[in-house]
Amino acid sequence: MTDSRPLQGESPVAQLDVTISACEDGAFQKRGHKARILSPEEAEKLAREQVLVSDFKQQKLEKEAQKNWDLFYKRNSTNFFKDRHWTTREFEELKACREFEDQKLTILEAGCGVGNCLFPLLEEDLNIFAYACDFSPRAVEYVKQNPLYDAQRCKAFQCDLTKDDILENVPSDSVDVVTLIFVLSAVHPEKMHLVLHNLYKVLKPGKCVLFRDYGLYDHAMLRFKSTNKLGENFYVRQDGTRSYFFTDANEV
């Protein structure tokens with residue numbers, strides 16, 4: 001089975017962008033859901049794929065989720081994902097959240113991987129301090145080993161956002177922007193709300209979470225075989241890592 005992740009330089013055909021405000025009323029803005037229209041062949045393929053991976057295997061995948069991501073980074077090192085130089089261009093909120101020019105911003109990149117988003121952002125904007133965390137200890141070590149890593153401008157740490165208290169590494173109400181870029185899809189759907197509740201604790205009142213992830217019917221979703229379905233819009237790759245595909249109707 002081929003890997004379902006986008007290749008270097010390849011963007012998902014279907015993706016969902018969301019800005020979630022940290023206001024008490026839970027207001028949020030959704031934009032840019034580039035949904036695909038399925039061909040008759042694609043629709044038929046998805047309709048046939050109704051058999052799910054066994055409960056035993058699903059429990060094993062959940063238990064070994066961290067190990068599988070650590071092995072992914074062991075195999076691929078820092079070479080799999082392309083640096084994301086589009087963050088400030090496509091997320092205007094990063095600039096709009098400043099109250100005055102050159103204001104110092106504090107961001108948290110949740111699910112930083114090996115720094116493909118972190119380091120381009122720090123290079124482009126010298127007035128940013130970044131916290132960066134990842135599920136994989138190996139990925140965090142790659143971040144710290146990067147020549148661009150500067151402890152005066154960023155702090156990288158390992159964290160399972162579904163259960164570890166992020167306040168152990170980030171002060172409460174201290175962050176202007178949280179980025180969740182192709183991260184939440186790797187979390188079991190039943191635990192996604194735990195991630196958001198954890199991140200909410202470090203956001204300043206009125207600030208936001210910037211979210212981008214796979215949208216329903218992306219080519220990555222259609223590349224999965226029938227033996228890889230875990231649930232509705234939720235699949236497992238050959239290497240044991242998982243991916244969920246969002247619609248604009250998702251609530252987490």
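Leaving aside its neighbours within four places in sequence, which residues is Ser136 in contact with? That was my starting point today.

**Entry 1: ground rules.** I'm working on a predicted model, where local features need pLDDT of at least 70, side-chain atom pairs count only at pLDDT 80 or more, and totals for chains, interfaces and linings use all residues. Residues are numbered from 1 along each chain as its sequence is written, and side-chain values use heavy atoms, with hydrogens and water left out.

**Entry 2: Ser136.** I found Ser136 in the loop between β4 and α7. Setting aside neighbours within four places in sequence, I get Trp69, Asp70, Tyr73 and Gln158 as its contacts. Contact here means heavy atoms within 4.5 Å. Is Ser136 buried or exposed? It's buried, with a relative accessible area of 0%. For the labels, buried means under 20% relative accessible area, exposed means over 50%, and partly exposed is in between (1.4 Å probe, protein chains only).

**Entry 3: the whole chain.** I noted nine helices and 10 strands in the protein chain. Helices (H or I, at least four residues) and strands (E, at least two) are DSSP runs, numbered from the N terminus. Of the 252 residues, 52% count as buried. I also looked up contacts with a separation of 6 or more: residues 24 or more positions apart account for 74% of them.

**Entry 4: helix α3.** Then I checked the length of α3 (residues 65-76): at 1.5 Å a residue, its 12 residues should span 16 Å, and the end C-alpha atoms are 17 Å apart, which agrees. The expected span is 1.5 Å times one less than the number of residues.

**Entry 5: α3 against α7.** How do I describe two packed helices? By the angle between their axes and the distance between the axes. The axes of α3 and α7 come within 7 Å and cross at roughly 40°. Axes are lines fitted to C-alpha atoms, for helices over the stretch in contact, and angles run from 0 to 180 degrees between N-to-C directions. The two helices are therefore oblique to each other. (Under 35 degrees counts as roughly parallel, over 145 as roughly antiparallel, 65 to 115 as roughly perpendicular, and the rest as oblique.) Gln66, Asp70, Tyr73 and Lys74 of α3 make the contact with Pro137, Arg138, Ala139 and Tyr142 of α7.

**Entry 6: helix α1.** In α1 (residues 40-48) I found Glu42, Lys45 and Leu46 buried. Seen down the helix axis, they fall within an arc of 95°, so they line one face of α1. That arc is taken from the directions from the helix axis to the C-beta atoms. Pro40, Glu41, Ala47 and Arg48 are exposed on the other side. The cover over the buried residues of α1 includes α9 (219-222) and β9.

**Entry 7: strands.** Strands pair if DSSP finds at least two bridges between them. Three bridges join β9 (residues 234-236) to β10, and Tyr235 has Ser243 as its bridge partner in β10.

Last stop: β6 (residues 175-181) and β7 run parallel, joined by six bridges, with Val178 opposite Val209 in β7. β7 (residues 203-214) is mostly covered, as nine of its 12 residues are buried.
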